[in-house]
Amino acid sequence: MAYLELNNIYKTYGKGTNATEVLSNINLHIEEGEFVAIVGFSGSGKTTLVNLINGLLKPTSGEVLFKGQPVIDTSHERGVIFQNYSLLPWLTVYQNISVAVKETFPKESKQFRDTRVKKYIEMVNLTPAIHKRPGELSGGMRQRVSIARALAMDPEMIIMDEPLGALDALTRGNLQDEILSIWDENKRTALLITNDVDEGIYMADRIIPLRPGPNATLGPEFKINIDRPRDKTLLNDDPEFKKTRNDIIEYLMEIGQERTTTSATEYILPELEPRHFD
Amino acid sequence: MSDRLITIVRFIGLGFLEPVIRLARGEEAKKNLTEILKKIVAPIASILIFLFIWQTGSTALYNKEAAHRIEKAFNEQGQEGADAMALCIESGNVSCRPNTLPSPTQVKASFLSLLKDHKIIKADKKAFKEKTAEINKKRAEAGETLIVYTGRPSFVDQITTSLKTVFAGFLLAIFIAVPIGIALGLSETLKSSLNWLIQIFKPVSPVVWLLLVFMIVKTLNKNSDTDSSFLISFISVGLCSMWATLVNTIMGVSTVDKDILNVAKVLKLGPLQKVFKVILPSSLPLIFTGLRITLSVAWMVLIAIELLAQSPGLGSFVWEEFQNGANDSNSKIIVAMFVIGIIGFLLDRIMLTIQNFVSFNKN
């Protein structure tokens, strides 16, 4: 039995003739301590998949098992880092994290909670901005708050929904390293949803492409056999990296083409000739 | 320090003072002078133009009224009567003064006389208090009712009464509309079952509300001998004005950002926690927009309601002056008009400041 199991998941939005099947026949097994990345085109149903795993949505059919138990609701054991940060805009950085800590550790002392909040703010290097509101922070800083909030709840598994999608390349690189070091330190299980193949290869043990929706389903998995810690600068010359990267991109291109050829209806164009003006 | 001052000035909606502060600090003289021209000199010029039009208009109306009176006297009493009337009008005698739109100068004079009147009444009250202090002390010891001042209220007293009424009404509106709005916003079933009530009663005129409240309060208050006019007027004000807050609260609570609700779910907040920590704070800006509209509506309908309910205040002041028909009644009504307008403006500014204070998306 795997740590997280998705068995024959189907997810449909709408009813009757208006129903669109977003996900079909999703099967995914993640072992404890593993770092898995799911790569897919935008609009392929990635966020739906994440929400099924974290318990915000229920599958139309099939089951999501977490440590052998079916997922029916959200849980503190699975921390979520949302794509659009989702901070509470009227609270400061400290308060945003403190709300989460209070919910997870209701019985601990105030002192304990306070040190915990401060520790995680320190961890994502936001101590100077501790009393600022999200509106006063840059995108990268907001995402760091979101990461700190998810981690401060001490989840056994971290689910990341395109956490770095909206950030610039430099901030992105830094945060990738930060997430990796946190994952490595506590050996948590991690699921990363991304549209960046390089990011997936750099961070994950396995990459699974999500074939584009509607009727999105998971493609064959690609194992990343590169030793950790991985060096970003050397990675570009690694033959294993190049090969995996080419394989995945080739696969994605293929299904991308499939999508365009299958969905295109043929339009009959009128026979018109441009008029010549002499 | 002056940066702070600018922030404060902007915050309370007096942004037009900013260039003055900057100029006093010696910043970009040319730019700030044009700003001052735009934001301060131009409005002052428009006030002067307004006063000029008012003055010319009231003079024209005065002349028309005077001509009419002379013509009437001529028709009734012949040339002699007309001459006498013209002379009488010329002398400024009260008995034959043309009664029309007062000029700015008359209004100013009335304003000053109202202030003077207030001083007299205040002194009178003070004297009365001193005079009755000892008797009241004895009465209080004996457990009897105290002797209170029952003289005529001054204009300023009327303003205070009106403000009291409007705040009582406003508080009532808050206590009714905000909790109900939250409940309706949270529950789709409640909302659809009570929507008809909101849609039907929202457009009902203040006058009808007053009559409805009168019917109910009159019966309920039958046995007590307290004056129910204040009760009637503030309840009516509250009922008329609460709709904006109610609708905005429902809207704010039911349209909380989905991402934020997801956060509440992921954090596993309990239902009460969810309402107080997530839903209410995020709908606060909309609720305050509603409260701001409510307060301005309350102030607007207050005058009409006081006028009809015979409850003391600016409304009844206006009505009494209109009924009175004294030579300066019209100008007193215009004074009241300006006072009502200015107080309404100030109330709105206060609410705007509070609204800025509670809303989180300032940038």
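Tutor: Helices (H or I, at least four residues) and strands (E, at least two) are DSSP runs, numbered from the N terminus. On that basis chain B has 12 helices and zero strands, so its elements read α-α-α-α-α-α-α-α-α-α-α-α from the N terminus on. Keep in mind that this is a predicted model: local features need pLDDT of at least 70, side-chain atom pairs need 80 or more, and totals for chains, interfaces and linings use all residues. Residues are numbered from 1 along each chain as written, chains are lettered from A in the order written, and side-chain values use heavy atoms, without hydrogens or water.

Now the overall shape. The C-alpha atoms of chain B fill a box of roughly 95 × 70 × 50 Å along the principal axes. Of its 363 residues, 36% are buried (under 20% relative accessible area; exposed is over 50%, partly exposed in between; 1.4 Å probe, protein chains only).

Zoom in on one nonpolar surface patch: among its members are I44(B), F50(B), L51(B), F338(B) and L346(B), and the whole patch has about 960 Å² of accessible area. Helices α3 (29-91) and α12 (329-358) of chain B each give two or more residues to the patch. F50(B) sits in α3 of chain B, and its relative accessible area of 46% makes F50(B) partly exposed.

Methods
Patch = residues over 30% accessible without salt bridge, like charges linked within 9 Å, V, L, I, M, F, W, Y side chains within 5 Å. Areas by Shrake-Rupley, 256 points an atom, 1.4 Å probe, with all protein chains shown as cover. Salt bridge = Lys/Arg side-chain N within 4 Å of Asp/Glu carboxyl O.
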